[in-house]
Amino acid sequence: MVRHGEVINPGGVRPVYYGSMDVPLSPLGELEAIEAGAYLSKFKLQHVASSPLSRAIFGAREVISRQTRPDNEYNDSKDIIVYDGFTELNRGAWCGKTKDEIGADSLARFDACDESVTPDGGESYPTLKSRVLKARDKLLQITDVGRASAIVSHLQVTRAMLSEALGMDIKEMAGLQIKTASISCIDYCMSTGKEYVKFQSFKPECGLNESKDGAN
């Protein structure tokens, strides 16, 4: 699982929550995505899946461009596979608002899965996690035993899959730290259904500046 790189926050110097808005990567974010794709070139991926949002699509194309070389016969897909289920959390009416405008109490209750504070037009963590896991299962169904596939998506999407693999209470999901353009790996046992986190939020050291990762 790869999180997309740093974005250009739509609030500028006044960072706002953007959730599933289609915000662009920053120049640094593009470089981060390129480095993540370069790191994954050492792995023989069967499929590369992505969220439909452009910041994830960019990263997914960087990954697959290094998997579809003439000397790599292991990749089954010549293009990325887009799953709507991997779209970032829909913040609804909170999109475009700062933390202060939303209110620390509302955000804390939201993180604790109090669905009564779900913003108008938005979704809760339980709703997010349900659709993410359905999309994950679709990808697992087309990934052969012993093979690996990659998902390029978002902070909350990655948290949803990691929290499930770690056996965490969903109320603790928001505490998982996932760096921009970082890579996390889960092994799935198809016979037992068990999940094993091999590593999480690993970011290859490549000399880039530290990214800004504010409201999401």
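Colleague: Where does F86 lie?
Modeller: This is a predicted model, in which local features need pLDDT of at least 70, side-chain atom pairs count only at pLDDT 80 or more, and totals for chains, interfaces and linings use all residues. Residues are numbered from 1 along each chain as its sequence is written, and side-chain values use heavy atoms, with hydrogens and water left out. Strands (E, at least two residues) and helices (H or I, at least four) are DSSP runs numbered from the N terminus. F86 lies in the loop between β3 (81-82) and α3 (99-102).

Colleague: Is F86 buried or exposed?
Modeller: Buried means under 20% relative accessible area, exposed over 50%, and partly exposed in between (1.4 Å probe, protein chains only). F86 touches, among others, A49, R131 and I151, leaving aside residues up to four places away in sequence; contact means heavy atoms within 4.5 Å. Because its relative accessibility is 0%, F86 counts as buried.

Colleague: How many residues apart in sequence are F86 and V152?
Modeller: In space, F86 and V152 are 8.4 Å apart, C-alpha to C-alpha. In sequence, the separation of F86 and V152 is 66 residues.

Colleague: Which side chain does a polar contact of 3.1 Å join to that of N216?
Modeller: N216 lies in the segment after β6 (195-202) and is buried, with a relative accessible area of 4%. A polar contact is a pair of N or O atoms within 3.5 Å; within protein, one must be able to donate a hydrogen and the other to accept it, and residues adjacent in sequence count only if both atoms are side-chain atoms. The partner of N216 at 3.1 Å is Y18.
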